[in-house]
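Dear colleague,

Here is the structure for you to look at. My notes follow below it.

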Amino acid sequence: MSDPREATLGTAAIEFIPESAPDAKAFLSVRDLRVHFPTDDGLVKAVDGISFDVERGSILGIVGESGSGKSVTSQAILGLHTGTSAKLSGEIWFDDKNLLAASEKELRALRGAEIAVIFQDPLSAMHPYYKVGAQISEAYLVHNKVSHAEARKATIAMLDRVGIPNPAARYEDYPHHFSGGMRQRAMIAMALVCQPRLLIADEPTTALDVTVQAQILELMKDLAKELDSAVILITHDLGVVAETCDSVVVMYGGQCVEKGSVDQLFYEPEMPYTWGLLGSMPRLDRTRQARLTPIAGQPPSLIQVPKGCVFNPRCRYIDRVPGNRCKTEHPELVETTTKGHEVRCHIRPAERRQIFDNEILPSL
Amino acid sequence: MIRFIIRRLLGAAVVVWIVSVVTFVIFQLAPTLSHQSPIYYYIAKQPPPVGSVQFKELEHAFGFDRPLFQQYWFWLSNIFHSHTISNGTGETSSCHFPCLGYSFKLHTPVSTLIWQALPVSLSLAVGASILWLVGGVLVGTISGLRPGSLFDRVGMIGTLTAVSIPIFFTGPILLLLVVYQWKWLPDVSYAPLTKDPAQWLRSMILPWIALAFAFAALYARLTRANMMETMGEDFIRTARAKGLPRRTVVVKHGLRAALTPIVTIFAIDLGTLIGSTVITETVFNLRGLGWLSIQSIRTKDLPVIMGVTIVAAIALVLANLIADIMYAVIDPRVRFS
């Protein structure tokens, strides 16, 4: 309350950069984030040491199967785990503030205003008892000292901007009156009404049919550009990532297994899990050569994470590494020969590229 | 919304009609079918010999000599139009709408008896329900927000105990301690709210607490379960992600959704209680509908039994109607389906 910096929050004024804040260019920097949930069955390591940066105006994709820790990561950024039993460690730097060390009051000032989320399944993410317009106005009112009438005007303008026809009338409707696509547009309007600098889209198109998906993604991209917001796009859909993102983090079992630009991930992937994801992705731009290849096996238990490489029980290439290291030694996330491309794998880089070129690429 | 209310009103009217049929069948038709004339229960004394002229006159006056459907119609229409009731030995009474009959046992029209008893039952049920609703929801909400906390654990053990103790135990214990041992409250009898509010309050406090005790425990558990479920909903996460203060998240977004099912149960509980607080009324010597029904059953005073039954049923139907409307007011999805 007495901290004068709090008053200037949101003006993006960086007065000083503490020693531990890395890379001034990236305004969101996640460092070794861990989110663990103690349960009766044991400690669930939902996120176990993940790091990434998001640069202003860029779009980062976080890809992975259900339960790989994508959504938990996004909720940690918003500080939504406070008040639960979750144990968090690491650092989340947003401008010059470590969000993991911030008070609930400081976080609340950021939520919705500076960092906003588009949730999947807007029908359950919106309150069924309140009008759509009122729910969006509420987000605007809590961060802006304006009258209800002004909030209403801002909301209607935002509804109009996200492509909802007749926004003044739709303001009065309840969520169940909206179609799935319209609801997701309203959800986007709710997230963007305060013009946040960071937008987290948590599987924003999962509940929508394909034609609407494309429109929603396009809309999100346009708006992010217009507002100069950075976007974290959480998805399990590689097609969406290829179309939308600048860089990608591939998550598996709560860990980052590969990280790089979209081109690096799609043209020179080096981690067997990423190969598996690419192999199980339907392609329309090529004639079909074979059936899609699923990744055999199940995602790992987050309580008893496999020893060694987290992916080893499902990996088809563990015999390429001598000494059974995949099952005994946990591989580090190491930069490959290309800058910015990091991979967590014991296979030697040259051999990885060879496997991809000779065995994976032809079947894609 | 208007159409919704009209639909529900029509539905309620149908239910009240069914109640009248069932009441008629149970209390009047059943004895007739087993070849016992219900006439004794109506005139409250030994009827003249079966087959005598006086007996036939009485049977005719109460409509028992008619075919069954006409009997029902005669009984029903007598509620609505004024007529004179006689027990054949000189005692007569004129009866106006709503004419629920005349108690020759108590020498009073049934509607008067009910009119005296209803305020007592209403005072008891409404007062107790406010107590248990406030207490139960408060404890349940705090528990539900922090499941596993000390408050929660103590509260839930307490409510489990409270649910398990019957009113015929808590009632006398309360009386014994508060009135006779500690003398915090005087030993007063019921006075109508309109006549003596202070005495009304003094006479009602203990019955309210006794009755509310068990219900509050039930509502605390219910609220806790609903609150825990609601706070895990996606829309709560959305509300937090908007940066709303915790109080807004809990009250505006959480509590409103969590209380919806409780509103329905509350209205039904309240409606049921108006005619059925027999134990509480007996323990605290309150002359409400429950007491009246027990008295009339004991003395086989059929018109009073039927009257109380119908009034209690109507109270329940009305409570249900109010619950439905409140539900629609709270949850916009109900209005349009």
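**Starting from Y219(B)**

Y219(B) sits in helix α8 of chain B. Keep in mind that this is a predicted model. Is Y219(B) buried or exposed? There are 26 C-beta neighbours inside 10 Å, so Y219(B) counts as buried; the cut-off for that is 20 or more. Leaving out residues up to four places away in sequence, Y219(B) touches W132(B), L133(B), G136(B), V137(B), G140(B) and I262(B). Look at L133(B) in particular. L133(B) and Y219(B) are 86 residues apart along the chain, yet their C-alpha atoms are separated by 6.9 Å.

**α6 against α8 in chain B**

Helix α8 of chain B covers residues 197-231, and helix α6 of chain B covers residues 150-164. Their axes come within 8 Å and cross at roughly 135°. α6(B) and α8(B) are therefore oblique to each other. The crossing of α6(B) past α8(B) is left-handed.

Which residues make the contact? From α6(B) come G155(B), T159(B), A162(B) and V163(B). From α8(B) come F213(B), A214(B), A216(B), A217(B), L218(B), A220(B) and R221(B). By type, the contact has 8 nonpolar residues, 2 polar and 1 charged.

**Chain B as a whole**

Chain B has 14 helices and 4 strands. The C-alpha trace of chain B spans about 85 × 55 × 35 Å along its principal axes. Of the 337 residues in chain B, 36% are buried. Take the contacts in chain B with a separation of 6 or more: residues 24 or more positions apart account for 66% of them. The pair Y219(B) and L133(B), 86 residues apart along the chain, spans such a separation.

**Where the chains meet**

Chain A gives 22 residues to the contact between the chains, and chain B gives 18 residues. On the side of chain A that touches chain B, three helices each supply at least two residues: α2 (104-110), α3 (122-125) and α4 (132-143). Which helix gives the largest share of that side? α4(A) does, with 4 residues. The chain A side divides into 13 nonpolar residues, 5 polar and 4 charged.

**α4 of chain A**

Of its 12 residues, 11 are buried, so α4(A) is largely enclosed by the rest of the structure. The buried residues are V132(A), G133(A), Q135(A), I136(A), S137(A), E138(A), A139(A), Y140(A), L141(A), V142(A) and H143(A). What covers them includes α5 (148-161), α6 (167-170) and α7 of chain A.

**The cores**

The largest nonpolar core has 115 residues. Those with the most contacts inside this core are A186(A), A189(A), V193(A) and V250(A). Helix α7 of chain A, residues 180-192, gives the most to this core, with 8 residues. That helix is also among the elements covering α4(A).

What does V250(A) contact, beyond its neighbours within four places in sequence? The partners are V63(A), G64(A), C256(A), V257(A), E258(A), M271(A), Y273(A) and T274(A).

A second, separate core has 64 residues. I114(B), V137(B), V139(B) and A319(B) are included in this second core.

Best wishes

Technical notes. Residues are numbered from 1 along each chain as its sequence is written. Chains are lettered from A and ligands numbered from 1 in the order in which they are written. This is a predicted model: local features need pLDDT of at least 70, side-chain atom pairs count only at pLDDT 80 or more; totals for chains, interfaces and linings use all residues. Two residues are in contact if their C-beta atoms, placed from the backbone, lie within 7 Å. Ala, Val, Leu, Ile, Met, Phe, Trp, Tyr, Cys and Pro count as nonpolar, Asp, Glu, Lys and Arg as charged, and the others, Gly among them, as polar. Axes are lines fitted to C-alpha atoms, for helices over the stretch in contact, and angles run from 0 to 180 degrees between N-to-C directions. Angles under 35 degrees count as roughly parallel, over 145 as roughly antiparallel, 65 to 115 as roughly perpendicular and the rest as oblique. A crossing is left-handed if the near helix is turned anticlockwise from the far one by less than a right angle, and right-handed if clockwise. A nonpolar core is a set of buried Ala, Val, Leu, Ile, Met, Phe, Trp, Tyr and Cys residues joined through C-beta atoms within 7 Å.
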